[in-house]
Amino acid sequence: MISPQCCCKYLFSGILGLSIILIQSSSPAQIIKKEKEFLKNQAASLTSSGHEQLALDQANEALKTWQESTKIYRQLNDQEGITESLINQNLAFQALGLHKEACNTLLEALKLNTNLGLCDTTLQQPALAQKEQLMAVIGKQKPTSVNFLGLQNLGEVLRILGQLNESETVLQETLTLAKLVSSSKISEIYLSLGNIEQSIYQQLQDKYSWIEEPLFREQIANIIPQKAQKSLWYYQTLENIPNISKSAKLQAQLNHLTLLISWEQWLSHQQNQANLYQKVNQQIQVLVNQIDENSSAFLELSPEPSIHARLNFANNLSQIPDEQLKSVAIRYAKLALKMAETINIGLVFDF
């Protein structure tokens, strides 16, 4: 009996032999064309394989696969293919936790000036000068879907690296580009911008908690509501986009709720903010009801994100001083646990 491996070996040999015969019977121009087609198909196959490997949590293998596809696209001088492969490499670097490498790879993909020091968190450049340089170089990008994807990834990586102002600038410019190409990913940019503003808000809150100088504390206290409201505006804009998917709306609502609860807790210690505190409290109640009434949205997420989303909601509910909501939190936590058991994921509850 012939083994499957032998069959594959014979099949490959047959294809190779047929290819040699066809090439030998072709003109030089036809040979070059066929070689390019073969290489292009090989690169496309490697690209698909890399995505499959990444989906299986094989980030190292995916990185090597996409590095091979990049080499082929360089050999073909296919600029769009090179850019796309480098963007894919960035995804693997991110999965491996190598965000600085991911950032530098994206700069290469987008042909951005590495002297900007975007990926180096140790460099301190004046915020205004950095913003002007960034806007200038991003403004030269062609409004293509590949460039849009690269910029979107760059904004996210910069946020993870803590380069929040730079991330905001990149994503603002990306939003402009997305509107030019009528991208379906506009909602993702609004979500990212909301998350950035929430990160800036959280930084300010942390500063407020440990700074003792009264004048500086007052200045920060005046900025905190501005950043919170700006973040909320992005989330609400996303939630109101016509025909937005339930899952995208849910992600925005959960982040929206996290911010509202944090802000309410901060406002509870501000004696001159009683009216705003009451307003935020009412918004929390409305949003909790909206999420719970549309709980089918959790089912639109793939299993693992759905589990984390349920836990996120349960954790937020547990921070609200309402016994009825605590029972709702327990219900969502139990659903997450049951779901995790079916796919063998261990959970740790912190409420």
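Is the crossing of H10 and H11 left-handed or right-handed? In this predicted model, the crossing of H10 and H11 is left-handed, and the paragraphs below place that contact within the chain as a whole.

The protein chain contains 14 helices and zero strands, and its elements, read along the sequence, follow the pattern α-α-α-α-α-α-α-α-α-α-α-α-α-α. Of the 351 residues of the protein chain, 43% count as buried. Where contacts link residues at least 6 apart in sequence, 60% of them join residues at least 24 apart.

Two helix pairs were examined in turn. Two packed helices are described by the angle between their axes and the distance between the axes. For helix H10 and helix H11 (residues 246-267), the axes lie 9 Å apart and the packing angle is about 160°. Because this angle falls in the range over 145 degrees, H10 is roughly antiparallel to H11. On the H10 side, the residues making the contact include Ala221, Ile224, Pro225, Ala228, Leu232, Tyr235 and Leu238, together with Gln229, Ser231, Gln236 and Glu239. On the H11 side, the contributing residues include Ala248, Ala252, Leu259, Leu260, Trp263 and Trp266, as well as Lys249, Gln253, Asn255 and His256. Sorted by class, the contact of H10 with H11 has 13 nonpolar, six polar and two charged residues.

Helix H10 (residues 214-239) also packs with helix H9 (residues 186-210), the axes of the two coming within 8 Å and crossing at roughly 160°. H9 and H10 are therefore roughly antiparallel to each other, and H9 passes H10 in a left-handed crossing. The contact of H9 with H10 has 16 nonpolar, seven polar and five charged residues.

A search of the whole structure for disulfides finds one. A disulfide is a covalent bond between the sulfur atoms of two cysteines. In this structure the bond is formed by cysteine 103 and cysteine 119, whose sulfur atoms are 2.0 Å apart. The torsion about the S-S bond of cysteine 103 and cysteine 119 is about -80°, so the disulfide is left-handed. The pair links distant parts of the chain, with cysteine 103 in helix H5 (residues 99-110) and cysteine 119, 16 residues apart from it, in the loop between H5 and helix H6 (127-138). With a relative accessibility of 0%, cysteine 103 counts as buried, and cysteine 119, at 5% relative accessibility, counts as buried as well, because buried means under 20% relative accessible area.

How values were computed: Residues numbered from 1 in each chain as written. Predicted model: local features only at pLDDT ≥ 70, side-chain atom pairs only at ≥ 80, totals over all residues. Heavy atoms only, no water. Disulfide = S-S within 2.5 Å. Helix = DSSP H or I, 4+ residues; strand = E, 2+ residues; numbered from the N terminus. Buried < 20%, exposed > 50% of the residue type's maximum accessible area, 1.4 Å probe, protein only. Axes fitted to C-alpha atoms, helices over the stretch in contact; angles between N-to-C directions. Parallel < 35°, antiparallel > 145°, perpendicular 65-115°, else oblique. Left-handed = near helix turned anticlockwise from the far one by under 90°. Nonpolar A, V, L, I, M, F, W, Y, C, P; charged D, E, K, R; others polar. Contact = heavy atoms within 4.5 Å.
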